[in-house]
Amino acid sequence: MPPLYPDGSPYSETDTREKLINPALADAGWTEDHIQRERSPGTILVDAAGRGQHDTERVDYLLCLPIRDGSIPLPVGVIEAKAANKPYRLGLQQAQSYAARLNVPFVFASNGHKCSFYNHFSGITRDLDLDLFPAPAELRQLYEAHTGIHLDSAEALPLLARYRGGQSARRYYQDAAIRAVLEALAQGRRRVLLSMATGTGKTPTAAHLLRKLADAKRLRKALFLCDRTTLADQAHGTLHRLFGDDAQIVTGRDAKRNARILVATYQTLNVGGDPLEEGEARHDGKFFLEHYAKNEFDVIVIDECHRSAWGEWSIVLTRNCDAVHIGLTATPRLLTGGAPDERHDDEEITANNISYFGEPVYQYTIAQAQADGYLAAAEIIKRVSSLDRIGGVSREELLARNPSDPITGAPVSADELEELYTSRDYNRILILPDLVEAMAADLFAQLAARGDPHQKTIIFCTRDSHADDVAVALNNHYARWCADNGIARRDSYAFKLTGAAHRPEDLLTGLKGASRSHYIATTVDLLSTGIDVPWLENVVFFTYITSPIRFYQMLGRGTRVAEGKLTFRLYDYTDAARLLGADFVTQARRAGESRETPDPFDGEPRGRQRRIVQVEGFAVTVDEVGHYIMIERDGRETAISVEEYEQELARRLLPLAPTLDELRRKWVDPGERGELLEALPRRANGARVLQVLKSQQEYDLYDVLADAVYRAAPKRRRERAEEFRRRQRAWLQAQGDRAERVLDALVQQFAQGGIEELENQQIWRTAAVRSAGGLGALRGLPLQPPDLLAETKRRLFAA
């Protein structure tokens, strides 16, 4: 029988940890130096009012092995505790999820009597009495035996090196990723791939990784290679904070031979990069070969290797074949088609990340980052034009509308027209002013319908002239809206931001700033990577794309989080969201085929010229398709409707809380509430996303779920607080005047931020609670303060 209090109630989860598990761990030799308690694999969100929303996900115990003086302890296991009256295996699956995200191999679940022990290396789960819990030396022996890493060896030094800036300098998954890479290197691997979603900090992760290698004296000279000047500048800033002037940017005039960490673009090294312009000299590696000796570098980091893998830069790797090669990617790409003898040597190295680097040693997906709150979730608003519904435009339809040359206005003959133009040709080969106007009018109406069209927005267009046309159309609608509403126009409302724009750096600064200008940037590819605009509210697709890689890069512009930003809107006019979860597949090139980089819009070599035609006279309309939410299903991202999302919530929640009464009972217990939220899509953030989409920010998540799953009428937090004071007046008065004032102050904290506010350890230090009497006013009552707070929560959520 589980331990009971004198009143007959069973131990809570907290009691189980303190009274049963902690003593057992101490008996097994686990000291405080070995354990991190309630380590969060998530984050703390901040709502619009600046209040923290504390994630209920906490790893009860993270077990670490101290190896030697001066080194950091090595995380190797997690323990998930459940109340003493619960099955001991109840938390095993939850703990396995935590372990995968934290990159630790040993998993334990316990109720204080028995425990279940899962060894990730062997895949075997076995049961143990808690008094037989493995000692630190036993887990170290298992770790070394399975990994082949001897933790006292020189190869393990980087793994154990301390972080500059302390252990809290990184997010949990960045630490997990760094350990995964260093474990692979300690095992003798020379090529390693890291897969981390756009916006999750691949560059800071790589910078800390290099610093640990350097501090362990395992780094002589490193090259950080990227394909955009903006990315190089950002990487240099991050590396400079850890290496000082030892980190330098290579320029065409200065090879920075004396620096320890060199940051360079492919273009600067003359070894590849973005597609060549007509007449530009071919990348022959001249700069690289002239300035750097063979095996000059012992570590090479290839940033955004999902993009750069198609350049002509294999010379950097082959000339430094003894170096460690680390690939950073948001979207690993697969190579398909073609016989082995049809693939050039450089393709075998650079085209196929998986083949060259191996499977990623650690992956952190966009869905995981959104679940943790490190990336904003996407609300997908699908729209469709009447031209897209008909599937294409024929030569005869164009001839009936007098096609012309978009530059000269000269007529275009039937012989110069293609038989059929599809959506992939719109505003690329077939210029359609009517489509531009219809999409721009519809988008502006969508923005204005939200109360204020002054929203930071990026619109991805098909070509530079298309970006011009869209900016003009939006500015016209904005001017009319301002005139109709008596509002003064702001400067540079919509503007083109491409490489051809005038002073693009200044325009980008305006877009990034919280200024009273530069709201909507129309672009082609310039903003698809390396640009962080945390306050961006909307990402818009006016371009028709087929590349999943480009889609995810563009999507990533909106995922950056900022205070109060939990979601962003993706306005999809071209069905780009169909690429969610698609494989990143590219055909192998046949021997002798042109090495020219394909046009990303038509998949054809740039050498083929197609006649550009402009046609007006179409009556274009735009209609709604639906509202969708991005979730992960069967390991892939996909978009589902808000209604389907609510059904998915119900499917996952009802087995754990079949009735509203059961939800209410579990909700007031932090541990049981955590189990409920863990089961949801994106965990707790999945409920918060629905809260935003349904404009229910004034409701506790309990009422959001009660409404979505149980069809119960939701109550705002302030309504619950007022109802509590009215219905529980007799109970409050029975606690005495001083306690009543404190309890009323606590309930006001709930009204502001929800149930998490009542579980914040700092609540007793808030001004309102202190001025009401604080913790001291609750002492001497029949119920201890924690029990009194628990009873208050139960009464708050009473029907």
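**A covered helix and a parallel sheet**

In helix 20, the residues Pro-548, Ile-549, Arg-550, Phe-551, Tyr-552, Gln-553, Met-554 and Leu-555 are buried, where buried denotes under 20% relative accessible area, exposed over 50% and partly exposed the range in between, with a 1.4 Å probe and protein chains only. The model is a predicted one, in which local features need pLDDT of at least 70 and side-chain atom pairs count only at pLDDT 80 or more, whereas totals for chains, interfaces and linings use all residues. Residues are numbered from 1 along each chain as its sequence is written, and side-chain values rest on heavy atoms, with hydrogens and water left out.

Helix 20 spans residues 548-555 and is mostly covered, eight of its eight residues being buried. At the start of this helix, a side-chain oxygen of Ser-547 comes to within 3.2 Å of the backbone nitrogen of Arg-550. Helices (H or I, at least four residues) and strands (E, at least two) are DSSP runs numbered from the N terminus, and on this basis the protein chain holds 31 helices and 29 strands.

Of the 799 residues in the protein chain, 56% are buried. The chain exposes about 33500 Å², of which carbon and sulfur atoms supply 47%; accessible areas come from the Shrake-Rupley method with a 1.4 Å probe, and for residues only the protein chains shown count as cover. Among contacts (heavy atoms within 4.5 Å) between residues at least 6 apart in sequence, 71% join residues at least 24 apart.

An open sheet is formed by seven strands in the order 11-12-10-13-14-9-16, with parallel pairing; two strands are taken to pair if DSSP finds at least two bridges between them. Strand 11 (247-249) and strand 16 (362-364) lie at the edges with a single partner strand each, so that one side of each is left without a neighbour in the sheet. Neighbouring strands of this sheet are turned by 20 degrees against each other on average, direction ignored, the axes being lines fitted to C-alpha atoms and the angles running from 0 to 180 degrees between N-to-C directions.

Strand 12 (residues 261-265) is largely enclosed by the rest of the structure, because five of its five residues are buried. Ile-261, Val-263 and Thr-265 point one way from this strand and Leu-262 and Ala-264 the other way. Strand 12 runs parallel to strand 10 (residues 222-226), to which five bridges join it, and Ala-222 has Ile-261 as its bridge partner. Three bridges join strand 12 to strand 11, also in parallel, with Ile-249 partnered by Val-263. Elsewhere in the sheet, strand 13 (residues 299-302) and strand 14 (residues 324-329) run parallel and are joined by four bridges, Val-299 standing opposite Val-324.

Key
Polar contact = N/O pair within 3.5 Å; in protein donor to acceptor, adjacent residues only side chain to side chain.
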